Amino acid sequence: MYHCICVVIDVMDLLPSPPLPPTLFTSIQKCMRHDSLPLKSLHPFATSAEHSCSQLQGLINTADQLAHSLNVYSSTAFSNPKLFSLLRQHLKVDDNLHQSDRRIHHIIDTLRNQPRARYGENIPLDPAVLPDWCIGRLESWGTTAGMETFKDEGRQGGISVVLGGKVVVVDVDFSLNKTELDRPRIMVSSVKTSYAITASDGTTSNSGGSPSLDEFLRRCIQNFCDEVQKTEDVRKSDEAARLGVIVTQQLQYLVMLDKLAARKDDGGLQWFTGLDKLCPTLEAFAASEAQAVASSLSLVKAPLDIFLLRCHALPLPFLVCPSVSFLVNISSQAYLALLKRTVTSASLWDVSLYSLRTDISSIQKGITLVTLTLTVANTGKIFPATMNMPTFTARPTFPLAPQGSDLEYSFPQTMDQSSAMMVSKDLEASKQYMWVLDFTDGGKNAGIVMSQSRMREIELIVNPLGGIDTIDPVMSFGTDSWVDLLLSPDAQVSPERYTALYISPSSVHPPLQLRLTAPEEAGFLLEKVPVHNMKEVWGILEVVREQCWLNEILSACQWIAEGLRSSTEKSTSEGEATEEELQAILDGSLLPRKIPVNVFLPSQNIATDTLFQTPDMDGISISHLPPRRPRIVMTSPERPPISGLVEIAIIYDESRPRGIAIEVNGAMGSDIQTDVLEEICRRGGALSLAGRVWSKALP
C-alpha cells in the first residue's frame with residue numbers, strides 16, 4: 001500500500017510544469033528571430049506573402065500589447081530597491097536563455113535549409129527484373145500519393161496497374177517486349193483515366209477522362225522506364241530519381257483534385273473537366289491570332305517570336321503538370337535553337353508545337369514559362385475573391401482577334417471557409433484552395449524581375465479597388481531599382497549607372513561604349529499571382545510580356561557598375577598621334593575607338609496604390625488612362641563632320657508587323673530603313689542600333 005503511494009508521488013513530480021506567462025521581454029524576443037520576416041520579396045505577389053502578412057500582423061499586435069503594458073507600468077510607483085535588483089537579475093538570466101535559444105534555432109534552420117543530397121534510384125543490376133521493379137515503383141508512388149493500388153497480370157499477356165482515389169481512377173497498361181529474353185523491355189502501352197459519378201439515387205457510373213491527361217501521364221511514366229532501362233554506361237540514377245519525383249508530384253496533384261471533386265458543394269467533376277473544356281478554346285484562339293500574324297507578314301506560318309510579342313501567351317496544356325502552362329516570352333537565341341530542331345509539320349507556327357513540347361525543357365535560358373496551378377490557400381487572404389467588375393486598366397486587349405473578349409471562364413472555387421466549417425468539422429474538408437500563376441517553375445527559379453509600375457498594373461487587375469480603402473501610403477521594404485535587381489541582384493550598393501562594351505561580331509561599326517542610367521523605380525520579384533478567371537490571366541500575362549521584353553534586351557550585354565573595369569576591355573596606351581591621324585581628324589574620316597551611347601529607360605507613370613507607388617503619385621486622377629508603352633531610348637553623337645546627337649527610340653508596339661517600332665531623330669544624311677532596324681532588334685541586336693545608324697551616315 002505504501003509502495004503504491006510512493007509511486008504516485010514520484011509520477012506527479014515528473015509532470016511538466018505549466019508554461020510561464022509571457023512577459024515584455026519574451027514578447028520582444030519572439031519578434032527578434034532571424035527568420036521572423038523575409039529579407040526580400042515582402043510583397044503580395046511573393047510565394048511567402050500570406051506567411052509574411054500574418055507575421056506582420058503579429059508584430060503589430062505585439063507592439064500594441066507592449067504600448068499598453070508600458071503605460072500601465074508607468075503609472076505604478078516602485079520604491080523597493082531589492083525588487084529592482086531581482087528584476088535585473090531575472091532579466092539577465094532570461095536574456096542568456098533567449099540568446100542560447102536563438103543560436104540553437106539559427107543552427108537548426110541553417111542545417112535544414114542546406115541543399116539536400118539527392119540520392120539516385122536503387123536500380124537493379126539484373127535487366128531481367130527491371131519490368132517488375134518498374135511496376136513496383138509505380139505502385140509505391142501511388143500509395144505515397146494517397147491512392148489505392150491494384151495489379152492485374154491477366155490482360156492478354158500484359159500487366160495493368162490501377163490507381164484509384166475517391167473519384168478518379170487511373171488505369172496504366174504495360175506491355176513486355178521479350179525479343180531479348182535476358183533483357184525484356186517494359187513499355188507503357190496506354191493510360192486511361194475515368195471518374196466515378198454517384199447519382200442522386202446512390203448508383204455509381206463511370207465517365208471517361210481526358211485524353212490529354214492520359215497522354216501526359218503515359219509520357220511521364222514512360223520517361224522513367226526509358227531511363228532505368230538504358231545500359232549501365234549511359235544510365236543515370238539521379239536522373240531516374242528526378243523523373244520518379246515528377247511522377248509522384250503528378251499523382252499527388254490528382255489526389256488533391258480528387259478530394260475536391262469528392263466534396264458535395266465544391267464543384268464536383270469541374271475540378272477535372274473544367275480545364276479540358278477550356279484548353280481547346282484557348283488553342284483555337286491562339287490559332288486565330290497566329291493566322292492574323294502570318295497574314296500581316298505575308299507568310300504561311302507565324303514566326304513564334306513575333307507571335308509572342310504581338311499576341312497573347314501561347315497555351316500549352318499538360319506540359320509540366322495536369323493543368324495549362326503559358327509561353328510568355330522567348331529570347332532570340334532560344335528561338336533560333338528551337339527553329340533548328342523543329343520538324344516539318346502542319347503547325348501554324350514556324351516552330352511546331354511537338355518540337356516545342358519536346359525541346360523546351362532542354363533550353364536553360366531565354367524561356368519564360370508560366371503555369372496555372374491549384375494550391376492550398378494559407379491563412380490570411382491578401383486579395384478578396386473576384387468581384388466581376390471592370391478593372392481600372394485597359395487590359396486585356398484583343399487587337400488581332402476581337403472575339404477573344406467574349407471568352408468568359410471562371411475557374412472552379414471552393415466555398416467559403418466559414419460555411420465549410422459549419423458543414424463539416426473535418427480539417428481536410430475545410431481546406432481552402434486557390435488558383436495561382438506560378439512564375440518560379442515550382443520553386444526552381446527566383447521569379448521575374450518586375451518594375452514597380454507594372455506590379456501596380458497587376459494589382460489593379462486582380463484587385464480593382466486596391467488602395468482605395470486606405471489612405472496612408474506604405475513604402476517598399478528594402479527595394480532597389482528594378483534594373484539593379486536584374487543586372488546585379490547580389491550587389492551591396494546600388495550604382496547610379498552601368499556600363500557595357502558592345503562589339504559588333506561582323507565589325508560593321510566601332511565598339512559601342514554603352515552607359516545605362518538606372519531608373520529611380522523600385523523592383524520586385526514576381527513569384528505568384530492569385531487568379532479567378534481567364535480575363536485576369538490574360539491581363540497579367542500582357543504586363544509580364546512587356547517586362548520580359550525589356551529584361552531580355554538589357555540582359556543581352558554584360559553590364560558592370562560605372563567605375564569598375566570590365567574584363568573585356570583592353571588597356572590601350574596613348575601614343576603620339578601621327579600626321580595621318582591628325583589629317584584624318586581634320587577631314588572627319590578618323591574612326592573612333594569607341595562610340596559613346598547613353599541608354600535611358602523612361603518610367604511609365606501609371607495608376608498607383610498604397611503599396612506599389614511612390615508618395616508623390618496621384619493614382620485617382622490617372623487610373624483610367626491606358627498604360628504607356630515600354631521603350632528604350634539611346635543617344636549617341638553624330639558622325640563627323642556633322643555635330644549634334646542622334647536619338648533612337650525602341651518602342652514596344654504590338655500593332656507593328658514585328659511587334660516593335662523604331663524612331664530615329666537626327667542622323668542627317670543617313671540611309672536608314674526602319675524595317676531593317678526592326679529585324680536587327682528581332683535578332684537580339686537592339687543595343688547595337690546606334691552603331692548601325694552611325695555606319696549608315698555619310699563620312
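What follows is a short chat about the chain, its confidence and one residue.

Student: How many helices and strands are there in the chain?

Tutor: Keep in mind that this is a predicted model. The chain has both kinds of element, and the tally is 19 helices and 19 strands.

Student: What is the mean pLDDT of the chain?

Tutor: Start with the share of residues that reach 70 or more, which is 79%. The mean pLDDT for the chain is 81.

Student: Is Ala-649 buried or exposed?

Tutor: First find Ala-649 in strand β18, which covers residues 645-652. Its relative accessible area is 3%. Buried means under 20%, so Ala-649 counts as buried.

Student: Which residues does Ala-649 touch, not counting those up to four places away in sequence?

Tutor: Leave out the residues up to four places away in sequence, and look at what Ala-649 still touches. The list is Ile-632, Val-633, Ala-661, Ile-662 and Glu-663.

Student: How far apart in space are Ala-649 and Thr-635, C-alpha to C-alpha?

Tutor: In sequence, Ala-649 and Thr-635 are 14 residues apart. In space, going C-alpha to C-alpha, the distance between Ala-649 and Thr-635 is 8.8 Å.

How values were computed:
Residues numbered from 1 in each chain as written. Predicted model: local features only at pLDDT ≥ 70, side-chain atom pairs only at ≥ 80, totals over all residues. Heavy atoms only, no water. Helix = DSSP H or I, 4+ residues; strand = E, 2+ residues; numbered from the N terminus. pLDDT = per-residue confidence, 0-100. Buried < 20%, exposed > 50% of the residue type's maximum accessible area, 1.4 Å probe, protein only. Contact = heavy atoms within 4.5 Å.
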